[in-house]
Amino acid sequence: MPVAELNATSNFTFLTGGSHPEEYMRLAALMEMQAVAIADENSVAGVVRAYTAMQQIARDVRLLQTGDAFGPPRPAHIPKPPSAQIHNVPRLIPGARIVLREGVSVTALPRNRSGWGNLCRLLSLGKLRAEKGDCQLRLSDLLDWGNDQELLLHPAPDTQAAHPGAGAWRPAAQRLTRRYPGQVSLLMAPLYDGRDSARFADLTRLAQGLGIATVASASPIMHVAARRRLTDVLSAIRHGCRVDHLGRAALANAEQRLRSGSEMLRIFKGHEDAVERTVEIAGRCQFDLGALRYEYPSEIADHEDPAARLSRLAHEGLEWRYPNGSPQKVRDMLGHELRLIAKLEYEPYFLTVRDVVAFARERGILCQGRGSAANSVVCYCLGVTSVSPEIGTMVFERFVSEARNEPPDIDVDFEHERREEVIQHIYERYGRHRAGLCATVVHYRGKRAIREVGRAMGLTEDTISALSSQLWGFFASKGLEDHRMREIGLDPDDRRLKQTMALIHEIIGFPRHLSQHVGGFIITEGRLDELVPIENATMEDRTVIPWDKDDIDTLGILKVDVLALGMLTCIRKAFGLIRQHHAIEYALATLPPEDPAVYDMLCRADSLGVFQVESRAQMNFLPRMRPRCFYDLVIEVAIIRPGPIQGDMVHPYLRRRNGEEKVVFPSDALGQVLGKTLGVPLFQEQAMQIAITGAGFTPEEADRLRRSLATFKKHGNVSEFRGRFLRGMARNGYAPEFAERCFSQIEGFGSYGFPESHAASFALLVYASSWLKWHHPGIFACALLNSQPMGFYAPAQIVRDAREHGVTVRPVCINASFWDNAMEPDGQGGLALRLGFRQIKAMGEDEANWITAARGNGYLTVQDVWRRAGTPPKLLHILAEADAFAALGLKRREALWEAKALATGGELPLFAGDLDGEAIAEAAVQLPEMTLGEEVVEDYVAMRLTLRAHPLALLRHRLTPGFAALRDVSPEEINATGGDVSGQKKGTEILRRGLVDAQGLRRHPRAVRHFS
């Protein structure tokens, strides 16, 4: 019998549902169900996942019906293996279970597009009233926004309480049925407690009294019974207790699962009409998510249509970018791009990005576009990116194409300290009813799964910590789990531990909660809250939608990425310092290109603080790569990534670059794809092109491959394309060994693959930061310190590196420092770096600004700061501990002594001045001098850096095995020479140990022997 399930709860009712929306759809296809309604509590977050699964099922059914099966044909003499032949595509009914404050629950299923809009408006109303994760809805809200929806009224938890005069349920039900006649049904669901037959009879009489019909539902919270244990674990995590203590919150049995038509008839025996009614209601709910027509803002300005405005701005930008005349090739590319954009009607998208960038530039906020469409002539002329499209080798159709039929992708990075200004500008311009950030679904991964499941299962904290310490052993080395457990002292045969590990593996990939995307904005022409619900984010003044970037890609919704990048803050501050001290104006696009001295510096791996190439892996690779041009930096950025490393692409590329291995291409076609990277695929675009050119993938299949290669893809699985890829390569005449090697390299992108367009944009920032470091090391270090926290290195290492590059660094001074680090004349025609108050750990910006504002011509004593700036004694202690009063002739202990003498609350009037020579004259206190070691320690305590001596220099004479020969040398003599032992007796062994070397760089704690 045909049947539909109208009230399924997925795991997007977080920590409640025990199955993915996709699992419901796949099982419904096997059960030959007509429709499934995913109805999570006050949420539609999971419906797009179910819609994606429905599309995949339809694709598979189409392949079966056309006979285009996967793999080689089955020989006639081999019997057909048993398998489930799926010919049914269940229809998805998107909906939500609305839980009202009056204690009434209603499953709302839209009948049409208008009903979907009403449901989204209803959910937005309740979520915007509440904090993130909550929804406050009342019956009056549902009465206002229930049009064009099937409303399945849930009975009260106790059916007896639903009788006349018992509570608020019946009055609410009567108001609802009067307001929406013909739309309301009473939902009947089994509880499997032996009293379902009597309960169904009571509910039928209740429905007759209300003048409505009944409808049957299994109300599943899991798709199969095997998920019962995991569902109980989720409940225990939600309640914050152990599974053993769940009590009535645990499932009594495993019956609350998806049911087939025959099972529904058996459960609802005597009420078969309620089962039949599920198909009738499903038939009235004709809304399909694919019918959502996303309308991007028209971006019409001053009665100028988008196409004309985009063309005008692009040609104006062409004159700006090429003041001496643009090359014919660039003009041709611009015309081609504009025609294609106009054909696909994407002009408003490019205009939106341009306007956001223009706002940032007006405010002096440095930004840089990246992503596929950013590396185009149009974006270069609009000022979205500073990377000339002539540098890359990409074709515009790679990302804006009729064949791919998907929106373009432009990410714009802004200064991390000022991105919020851009975000609030977008909200103000379009309105919060038209703009919202995407969500990010936080899924269970290794450590969280071990921690939360372990606690729910009653494991001790030390056991959980031990399991977490072997994270990669459990999830990266299958078959070695028992061995790993024994290594950490656990018994792998323990029943509770085995159950726990099975549940940990099962919960991996389950959604935990919704967070906000790093900056993906959805902007609409009409009301966004009629397309998707809007809710508050945890951060103040942020609103988000419940769908992530994969969901909106599925529905073809355009997204503008407004991202943050710390290096842009650093570069903008460096440009400002150069303008201030050298009267030279620089921008990303106007830096002197291809400076050989800059590349020489990178070849020496002198890249501390430089964007993207400051890690140990990059520093190790730079001298071997020896970049000599901009495109070398593009490759440098892309190659030291988990994807190329796991795909074994690094060493083959180096060997071919150094001439140790001949560059050969298996065909001219693949030679055109891989020529620029010497036959080694390094970019996502190349992986796609290999699949199309070499394996004969269709554009649709190549796009699915791209999605599975997406950065940090949560559910992507490159391996599912393996058979198709290998067969295609063999069909086109490529050797099996070559095809296997190609696919293993492509598979490496599954964890992290980098697009060429992103690498080109990042390479520009690599060059810019390298240029600043080489030509203005002091300004670069100053800007880096003022942009913290960012990068790999602490302020102490940045300061030490600057001093090694000849920069004079001056300490924090009460009379010379500001909040930010600053450049000041060094008295010799150059600039010195003056450390700012921001380097003092316990000091705030407002306090520092108040001290500098009241400083005037300078402070004379500690008491002077206390009087004039009103600085509290506690803050004066902090300044004294940072040795900020040294310029006043006060050493650290003397300044601290004076600060300790000051009283909280200000000076009493009687003692504000001398009274006729009767002032009390106290003898000066002689405080013991601090040793160099004590000064260094106090510097690190107060500021996490020192300008006096490296800590290792104080211990080097003691760490030397030949210490007996040096025991008569005083520490002062050692410190005076910086620990130089070049004059030591020949043949004496010197041992250096430590996690930090004399250059301030972290090293492995290995013993390194040197002999003089």
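Begin with the open sheet formed by three strands in the order 15-17-16, whose pairing is mixed. Strand 15 (808–810) and strand 16 (822–825) are at its edges with a single partner strand each, so one side of each has no neighbour in the sheet. Helices (H or I, at least four residues) and strands (E, at least two) are DSSP runs numbered from the N terminus, and two strands pair if DSSP finds at least two bridges between them.

Next, select strand 17 (residues 831–834), which is joined to strand 16 by four bridges and runs antiparallel to it. P825 has L831 of strand 17 as its bridge partner.

**The whole model**

Before going further, note that this is a predicted model, in which local features need pLDDT of at least 70 and side-chain atom pairs count only at pLDDT 80 or more, while totals for chains, interfaces and linings use all residues. Residues are numbered from 1 along each chain as its sequence is written, and side-chain values use heavy atoms, with hydrogens and water left out.

Zoom out to show the entire protein, which has 42 helices and 19 strands. Of its 1012 residues, 53% are buried; buried means under 20% relative accessible area, exposed over 50%, and partly exposed in between (1.4 Å probe, protein chains only). Contact means heavy atoms within 4.5 Å. Among the contacts with a separation of 6 or more, 73% are between residues 24 or more positions apart. The accessible surface is about 45,600 Å², and carbon and sulfur atoms account for 52% of this area, as computed by the Shrake-Rupley method with a 1.4 Å probe.

**Strand 14 and its partners**

Select strand 14 (residues 560–565). Five of its six residues are buried, so the strand is largely enclosed by the rest of the structure. Strand 9 (residues 411–415) runs parallel to strand 14 and is joined to it by five bridges; E415, for example, is the bridge partner of L565.

F521 is bridged to V560, and G520 to D561. Strand 10 (residues 435–443) can then be shown as well: eight bridges join it to strand 11, and the two run antiparallel. V441 has L514 of strand 11 as its bridge partner.

**Two sides of helix 35**

Which residues of helix 35 (residues 845–853) are buried? Select A848, I851 and T852, which are buried in this helix. They cover an arc of only 95° around the axis and therefore lie on the same side of helix 35; the arc is that of the directions from the helix axis to the C-beta atoms. An α-helix has 3.6 residues a turn, so residues three or four places apart point the same way. D846, W850 and A853 are exposed on the other side of helix 35. Helix 37 (873–881) is included in what covers the buried residues of helix 35.

**A763 in helix 32**

Move to A763 in helix 32 (residues 756–775). A763 is buried, at 0% relative accessible area. Apart from neighbours within four places in sequence, A763 is in contact with F630, L633, V634 and V637. A C-alpha to C-alpha distance label between A763 and V387 will read 9.1 Å, although the two are 376 residues apart in sequence.

**Backbone details in loops**

Most residues other than glycine have a negative phi, and most peptide bonds are trans. Select P789, in the loop between helix 33 (777–786) and helix 34 (795–804): the peptide bond from Q788 to P789 is cis, with omega near 5°.

D541, in the loop between strand 12 (535–536) and strand 13 (543–544), has a positive phi near 65° and is partly exposed at 46% relative accessibility. A583, in the loop between helix 21 (566–582) and helix 22 (596–603), has a positive phi of about 55° and is exposed at 70% relative accessibility.

**Last stop: cysteines**

Finally, select C120, which is buried at 1% relative accessibility, and C603, which is buried at 6%. With a disulfide defined as a pair of cysteine sulfur atoms within 2.5 Å, the count is zero.
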